[in-house]
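Here's a quick briefing to read alongside the model. Have the structure open and follow along by topic.

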Amino acid sequence: MRKGRWIRSVLISTVVALAAFAVVISLHYAPVLGLDLQGGASVVYKPAHKVSTATLNETISIIQNRVNALGVGQPSIGQQGSDIVVDLPGVKDPKTALSYIGQTAILQFRPVLCQAPLYTKPPASLHLKKSQLTPTCPTSTTNTASTLQYVPSTNPLKATSASTALLPEYKGNNSKTVIGRYVVGPTLLTGNAIKSVYAAPVTQSASNQWAINFTLTAKGAPVFNQIAKTYYHQLLAVVLDGTVQSAPQINATNFNGQGQITGNYTQASATDLATILHYGALPVQLVQQTVQTISPTLGAASLRAGLIAGIAGLIVVMLYTILYYRLLGLVVVGGLVTTFAALWAIIAYLGHSAQLTLNLSGVTGIIVSIGVIVDSYIVFFERLKDEARNGRSLRASVDTGFTKAFRTIIAADLVSFIGAALLYYFSIGDVRGFAFFLGLSTILDVASAWFFTRPLVLWIGNSLSPRHYRWLGVPVVQVTQKSTVGSGVIKPSRVAAKGV
């Protein structure tokens with residue numbers, strides 16, 4: 001009955017680990033590699049002036065939302081002192097991504113005065129000031145239907161309060177073309193007035209056009225309505241960091257807190273504009289401190305080095321345990337195989353569902369965990385040998401030895417887990433990866449010791465005959481006993497087979 005229970009425990013734990021591994025493989029899930037293993041970009045930002053912790057946390061939250069909108073797998077965004085550290089693993093265009101997430105200007109809504117010609121750098125001999133480079137809006141081109149295609153305002157702004165804003169670059173036919181510039185007036189409203197925004201297809205459109213739907217805050221709604229009344233049928237520029245992201249025409253005077261921007265938007269362009277409207281404003285200006293770009297080639301080399309180190313260490317450990325513990329060494333091999341099958345399945349699943357990334361420090365944590373796991377086996381096997389040396393039979397040694405060893409295993413793993421948890425909580429970046437994977441491996445070690453190692457060794461110890469005990473590397477104990485009846489000496493009996 002007990003043997004059947006032991007066998008079931010071993011089979012169930014093995015099947016669960018291998019089945020989980022097979023499932024993630026069949027679903028094509030694989031661990032998501034971090035910045036140092038697949039390449040990407042890392043940047044450190046510093047606030048331009050001293051800010052409160054709340055403002056810094058708000059800034060980190062906005063950057064997190066911006067990065068998530070880029071679709072970067074498991075970015076690492078954290079605070080290091082007063083600095084903000086942003087890691088973007090696997091990003092294909094690091095320069096564009098970093099320029100996007102680091103945009104520091106407040107999102108602005110500004111009226112369009114007129115369209116200006118493309119910028120041409122003046123000759124250096126003219127020694128013109130920057131203010132002199134701002135184009136003006138002549139009367140013949142200010143707010144006319146022929147230039148901007150809308151009804152002129154009854155109260156146009158003066159050109160002296162204007163500034164230029166460059167239209168964004170549009171990609172087409174593998175080329176970039178800047179289509180023009182607007183001269184815009186002063187800021188009428190900031191992005192803080194936007195409460196929520198999303199892109200959606202235009203239901204009445206037959207050409208698969210998209211629109212941007214937005215909701216205003218309670219404070220922003222009446223201000224926006226006043227702007228709509230003043231600039232009815234005129235263009236209102238959405239400006240971010242000196243770039244006009246969009247310049248829609250105002251076609252209503254009362255928006256009731258909600259509105260829609262329509263035009264020749266595709267799904268991609270509508271989603272981009274919605275992202276800018278929603279996450280466009282940072283509460284503090286950021287100064288870029290350092291930028292590090294890691295190529296995919298260097299990341300692949302790091303991954304290869306980590307795998308070689310891990311596999312080499314695993315092979316050496318397996319060979320040592322087999323040579324020293326013999327049949328029990330095969331138990332170690334089986335335990336490591338099932339443990340790492342379960343570990344792979346968990347990492348792959350979390351990488352797919354929670355964007356968990358495996359970086360080089362995480363690989364290091366897994367390699368270190370090999371020693372933690374093997375230590376548990378050694379503690380058990382050495383306790384078993386101590387019990388045998390004290391004269392117990394192998395069957396009794398296995399049961400008693402594990403009972404005493406398991407307390408040691410729990411204490412050691414608990415210390416390892418507490419250390420990993422504290423390291424994870426108080427650290428940021430790559431160090432957290434080391435702590436997480438070390439802690440995860442430690443939990444799996446405890447489960448493997450109870451559900452796999454213990455029942456398998458108990459089953460082996462109760463199945464072998466005394467003449468086969470030497471297969472386990474258990475020492476021989478010679479016990480000499482004097483007869484209490486008659487004379488002579490009772491011949492020594494073996495309670496354990498020869499071993500090392």
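At what angle do α1 and α12 pack, and how far apart are their axes? They pack at an angle of about 140°, with the axes 8 Å apart. Before going further: this is a predicted model, where local features need pLDDT of at least 70 and side-chain atom pairs count only at pLDDT 80 or more, while totals for chains, interfaces and linings use all residues. Residues are numbered from 1 along each chain as its sequence is written, and side-chain values use heavy atoms, with hydrogens and water left out.

- Helices here are DSSP runs (H or I, at least four residues), as are strands (E, at least two), numbered from the N terminus.
- Axes are lines fitted to C-alpha atoms, for helices over the stretch in contact, and angles run from 0 to 180 degrees between N-to-C directions.
- On the α1 side, the contact (heavy atoms within 4.5 Å) includes Lys3, Trp6 and Ile7.
- From α12, the residues involved include Phe451, Phe452 and Trp459.

**Nonpolar cores**
- A nonpolar core is a set of buried Ala, Val, Leu, Ile, Met, Phe, Trp, Tyr and Cys residues joined through side-chain atoms within 4.5 Å.
- Buried means under 20% relative accessible area, exposed over 50%, and partly exposed in between (1.4 Å probe, protein chains only).
- The largest core has 39 residues, and Val331, Phe381 and Val457 touch the most other members.
- Elements giving two or more residues to this core are α1 (2–26), α8 (296–325), α9 (327–353), α10 (360–389), α11 (394–426) and α12 (430–463).
- Leaving aside residues up to four places away in sequence, Val457 touches Leu328, Val331, Phe380, Phe381, Leu384 and Val398.
- Another core lies apart from that one, with 26 residues, among them Ile194, Ile212, Leu216 and Ala221.

**The three-stranded sheet**
- β11, β12 and β15 form an open sheet in that order, with antiparallel pairing (strands pair if DSSP finds at least two bridges between them).
- β11 (194–201) and β15 (258–265) are the edge strands, each pairing on one side only.
- Seven bridges join β11 to β12 (residues 210–216), and Ala199 stands opposite Ile212 in β12.

**Phe224**
- Phe224 sits in helix α6 (residues 220–230) and counts as buried because its relative accessibility is 6%.
- Not counting residues up to four places away in sequence, Phe224 touches Leu189, Phe214, Leu216, Leu236 and Phe255.
- Phe224 and Gln258 are 34 residues apart in sequence, but 9.9 Å apart in space, C-alpha to C-alpha.
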